[in-house]
Amino acid sequence: MDEGLKNELQKQGIFTTSFEELYNWGRKNSIWPLGFGLACCAIEMIAASMSRWDLARFGAEVFRPSPRQADLMIVAGTVTKKMAPQVVRLYNQMPEPKYVIAMGACAISGGPFKQGYNVLKGIDRFIPVDVHIPGCPPRPEALLHAFMTLQQKIAEQELTGKNRPRHLVADAPSEFPIPQFGEHDLVPANNPSVWKPPATSRAA
Amino acid sequence: MLNVEQVKSIITHALPGARVEIITNESPSAQHSILVDDDHAVAVAKLLRDHPELRLDYCSNATGVDWPEATIKTKVKKRLVVDGADKEVEETIETLRSGYLEAVYHLYSMEKKHGPVILRLRTENRTDKNHLPSLTPVWRGCEFQEREIYDLFGIVFDGHPDLRRILMWDEFKDHPMRRDYVEPDDYEYEPTPHDDVLEKATRRQKGAG
């Protein structure tokens, strides 16, 4: 529908919408996060949900204790290699549509533990991440910004056509392989279908 | 507080068979430690805990140390007669030290309010003879710390009630705190790489194109 005509009608007291808009509006204002934290970033996430920053303004105050009721996974903190299979398993147990926010330096890249042998260098090696937040830890405002970014992303999703989101594509995967504990590292060390090593050409 | 020599004499008096050695610490802290042989370690630990003058009832920390094989250079001054004149000549002696693993216990007394007394146990080598007696039956607080030593250094504690890996997963085969541990090559770049990491990062960058 033409944007100008829509505004004109609205001035006359007639509200028009499309199914797509209504559907996305409903979804983006009730993103229920999974209530779990891995390290100090979780404290900031908890702060963001409390009265001072009040995540409830975005319809996301209901932290669900079960992945089966959650829409959003906030990976808040260091993902150790020992914890990574459980994080992927939790993600697999969430129903579609589902989203992931990687919160903080550790969750996006390994952070200060990047040189360590026991920390996963970013959860995006195993599951698709929608929003990355840098910071150590990020302020609650940064989490709110990530939330609003995610809401915008949901609002802009087309429900038909080839750009439609993953949960409307019948043969798109909704579960991702869980890494196994190997003798020296996780096996596999990353999931090549969601993550490729960055092509760094700084020297050239 | 008794000094290490006094603690040593208490041990040698009570347990004549025990081989006890004082390892001196040359640094300003001068925290000298006591090396005990494997066979008498538990008896020595019990003695330190129960002796009326020591009463070391609290093991605050147990940790591991990896000593890989190394050549040790020591400088010795010698007086020589060169061309009829007395001269002082410095000579370097190289000795080969075989590798071993160490478990170090820091003991305090809650009752007497003194400490630490530092106790060391040594394995014969780093590969197959890596067993030590567990001191968990003496100080229960050592349980998790000995598990951590087992996990990260690979010392097997005989007599430990529940010797499993504590930080890494059970399927893991390496001991990451050993000097010769090779970490998995699983990161591509570093914001400010240097030394080994720079070398590794450059190698990865060339590989990734």
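Colleague: Hi! How are residues and chains labelled here, and what pLDDT do local features need?

Modeller: Residues are numbered from 1 along each chain as its sequence is written, and chains are lettered from A in the order in which they are written. As this is a predicted model, local features need pLDDT of at least 70 and side-chain atom pairs count only at pLDDT 80 or more, while totals for chains, interfaces and linings use all residues.

Colleague: Thanks. Is strand β4 of chain B buried or in the open?

Modeller: Of its 13 residues, 70-82, the number buried is zero, so β4(B) lies largely in the open. Buried means 20 or more other C-beta atoms within 10 Å of a residue's own, exposed means 12 or fewer, and partly exposed is in between, with C-beta atoms placed from the backbone. Strands (E, at least two residues) and helices (H or I, at least four) are DSSP runs, numbered from the N terminus.

Colleague: Which strand does β4(B) pair with?

Modeller: β4(B) pairs with β5(B), residues 85-97, in the antiparallel sense over 13 bridges; pairing takes at least two DSSP bridges. B:Val81 stands opposite B:Asp86.

Colleague: And what sits between β4(B) and β5(B)?

Modeller: Two residues, which makes a hairpin, and B:Asp83 in the turn has a positive phi of about 50 degrees.

Colleague: New topic: is helix α3 of chain B enclosed or open?

Modeller: Nine of the 11 residues in α3(B), 142-152, are buried, so the helix is largely enclosed by the rest of the structure. Among the buried ones are B:Cys142, B:Ile149 and B:Leu152.

Colleague: What covers the buried residues of α3(B)?

Modeller: The cover includes β3 (58-67), β6 (100-109) and β9 (156-158) of chain B. After α3(B) comes B:Gly154, with a positive phi near 85 degrees.

Colleague: Over to chain A. How do α3(A) and α6(A) cross?

Modeller: The axes of α3(A), residues 41-49, and α6(A), residues 140-155, come within 9 Å and cross at roughly 75 degrees. Axes are lines fitted to C-alpha atoms, for helices over the stretch in contact, with angles from 0 to 180 degrees between N-to-C directions. That makes the two helices roughly perpendicular, a term for 65 to 115 degrees.

Colleague: Which residues of α3(A) and α6(A) meet?

Modeller: A:Glu44, A:Met45, A:Ala47 and A:Ala48 in α3(A) meet A:Pro140, A:Leu143 and A:Leu144 in α6(A).

Colleague: Last one: how many residues are in contact between chains A and B?

Modeller: 19 residues of chain A are in contact with 18 of chain B, contact meaning C-beta atoms, placed from the backbone, within 7 Å.

Technical notes. Two residues are in contact if their C-beta atoms, placed from the backbone, lie within 7 Å. Angles under 35 degrees count as roughly parallel, over 145 as roughly antiparallel, 65 to 115 as roughly perpendicular and the rest as oblique.
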